[in-house]
Amino acid sequence: MKRRINKVAVIGSGIMGSGIACHFANIGVEVLLLDIVPRELNDVEKKKGLSLEDKVVRNRIVNSSFQEAVKSKPSPIYHKDFVSRIETGNLEDDLHKVSKVDWIIEVVVERLDIKKQVFEKLEKHRKPGTLITTNTSGIPINFMTEGRSDDFKKHFCGTHFFNPPRYLRLFEIIPGKETSPEVLEFLEMYGEKFLGKKAVIAKDTPAFIGNRIGIFSIMSLFHMVKDMGMSIEEVDKLTGPIIGRQKSATFRTVDVVGLDTLVHVANGLHENVPSDEAHDLYALPDFINNMMEKKWLGSKTGQGFYKKEKKEDGSSEIKSLDLDTLEYREQKRASFATLEQTKSIDNVIDRFEVLINGKDKAGDFYRKSFSALFAYVSNRIPEISDELYKIDDAMKAGFGWEHGPFQIWDAIGVQKGIEMMKAEGYEPAAWVNEMLESGSDRFYTVKEGNTYYYNIDEKKQTKVPGQDAFIILDNIRESKEVFKNSGVVVEDLGDGILNVEFRSKMNSIGGDVLDGMNKAIDIAEKEYQGLVVANSGKNFSVGANIGMIFMMAVEQEYDELNQAIKYFQDTMMRMRYSAIPTVAAPHAMTLGGGCELSLHADMVVAAAETYIGLVEFGVGVIPGGGGTKEMTVRASDTFQKDDVELNRLREHFLTIGMAKVSTSAYEAYDLNILQKGKDIVVVNPDRQLAIAKKHALLMAENAYTKPIERTDIKVLGKQALGAFLVGTDQMAAGKYISEHDKKIANKLAYVMAGGDLSENQMVSEQYLLELEREAFLSLTGERKTLERLQHMLKKGKPLRN
């Protein structure tokens, strides 16, 4: 029987329970969210004369927890309308409703006795065959099913989401002794395909995979920082983006998560892994015990390793904790010669060999920390996993590491890593030496676009399962290259579809990228069937090359700047009016020029976590690569008979004027940046490129024909222009915007109104593009715009707000 998930029940509405409920709602699943009934009235309920029998009281815990979660930032929900997919209730009045769900997920407090009580009650209403899982982060799975039926045990396992469930992709599946293989296979498929997760089947060991390695890594640093006499600023400098980790690095991350959360897991490991060679590292250092006693838990208590304080002038400053004195002090700038050597290395994976060879404290730190990590992960096989790639997957998806431990070890060199470890007093597990003796000198290899890993049992390289649904650009970039310049690589995806991959710094769009796009279209029109624009960078593209724009504006090279902007516009129009179908596959930050590119593709296949918008207003210009034109076109397309057309145009005007950026791809539909019925959203970013390719191929096979340029765009002329100018006057008079902002808004109004035409009129895209380009160029000559451009350039940022 084919299993389908139409409705789930989530038992427990705390931060994690509500987050899980929201993520199921994100993917279109109906959710029943239940929690306990209050045992006494609060003060507000007493004043209102309510009783414990009133429904509003009985559902108070679940509703207050859920509403708090929905209001939190960043939001757990893709779109505010998705909240309606979640029904709330309590475990006394509404427990019978679980008989109608397809999957029950328990997310109550981490106490075995309470979980067992909940399961006993659930089994009375659960229909046979219904999936039932626990989100425990450490309680042994088999302990929970004592006294339960065979059907319950067969359909029961652990499903460990990481917090926040919307953003962290790790989904650990922990089978019990009697869990059906069909259930595991289904959950692995569903987690990856529907929930967008990196599904990892883990063994039922303390803290499973992600937390076992992640907490070891943090606790190891806690002990090392004292031994090496390092400050928290120094550690955070060395463990952040420089090695592909979150900007919050180590200590700031602990502040955000909560020191008590970390201590809870560390204490559990210290108690439950007595034979672990790193057992002593799970014992809390004195400074951690002192912070726990003082309730310095991080953001939740207002201070942790960092503390925000008000200065006498009313401004705020962030102070750092001195781990020796446990007093807060002004932050100290951390700098290391070793890090300076990596400044020219954009690719994170290429930095590790430089970092471990550093001659300063940073080099010592990396040699010690990576040696400890490599030894620990090698010794956890086969304890926590039989396959090494699962450890890497868990750390990347659960802790936000760009590369897993074995990938980093490969980058350094397996043999060189062993030599480094021995120098620091560590030994790898025996299987690592056996691997080298067998002739394999790497943990991973790539063959024909697929990733292989060293299989310890078979003593050979084995294909990582589950790749058939993915296209991994890192694996095909060299072997499938069709064209390359300094800004792009054009790859053959197979089946007649090309991909344009941006390779510029921060994927900014400059002349080299535009050249590459035009070349790709040329090649595709002659020899292929379709074109995708996708990349695997941290962001799809955060805008145009601001350095080029600034230099031309400063030198007043307006003819050259005009040609550069026209080239951008022309390239976007080629995306729209080429002889082959074009598909944009944006993800993460897709701003300015990246957004304009997406607006001009035949179709957009967006990752759910796409933050897209036209933000040029922030640097003193209007969108000049076809963005202003396209939003005017889209406004015109929404005009309906008897509709107030000016209101529709105003909505699109404000999208640009307020530099609106969607907080998910679904919100981009509200901005008319994505269009329903044409563009789609993909929850799993690993699948995005393969799906984009399929849609390009589908359009080609469906007899795609080059579109005819639009000449039917309705503009409102003076009617709209006058209304917009009155609005900007009022905003400036009320001090809501500056005079310079007013000037930019008036230029935008002029373009979107179609100029000062005396009446409504149909115009062409080229007409609007000329107005757009003229307005853009005039604004680049403004002193305030040049100041903003220079400020952005100094910060090393492309064109964005």
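Two strands are taken to pair if DSSP finds at least two bridges between them; strands (E, at least two residues) and helices (H or I, at least four residues) are DSSP runs numbered from the N terminus. The structure is a predicted model, in which local features need pLDDT of at least 70 and side-chain atom pairs count only at pLDDT 80 or more, while totals for chains, interfaces and linings use all residues. Residues are numbered from 1 along each chain as its sequence is written, and side-chain values use heavy atoms, with hydrogens and water left out.

Three strands form an open antiparallel sheet in the order β9-β10-β11. Because β9 (306-310) and β11 (327-330) stand at the edges with a single partner strand each, one side of each is left without a neighbour in the sheet. Five bridges join β9 to the antiparallel strand β10 (residues 316-322), and K310 stands opposite S316 in β10.

Strand β4 (residues 103-106) is joined by four bridges to β1 (residues 7-11), the two running parallel, with A9 opposite I104 in β4. Four bridges also connect β4 in parallel to β5 (residues 131-134), where E106 faces T134. W103 and I105 point one way from β4, I104 and E106 the other way, and all are buried (under 20% relative accessible area, 1.4 Å probe, protein chains only).

Helix α16 (residues 361-379) is mostly covered, with 15 of its 19 residues buried. Its end C-alpha atoms are 27 Å apart, which agrees with the 27 Å that its 19 residues should span at 1.5 Å a residue, the expected span being 1.5 Å times one less than the number of residues.

Note on methods: Buried means under 20% relative accessible area, exposed over 50%, partly exposed in between (1.4 Å probe, protein chains only).
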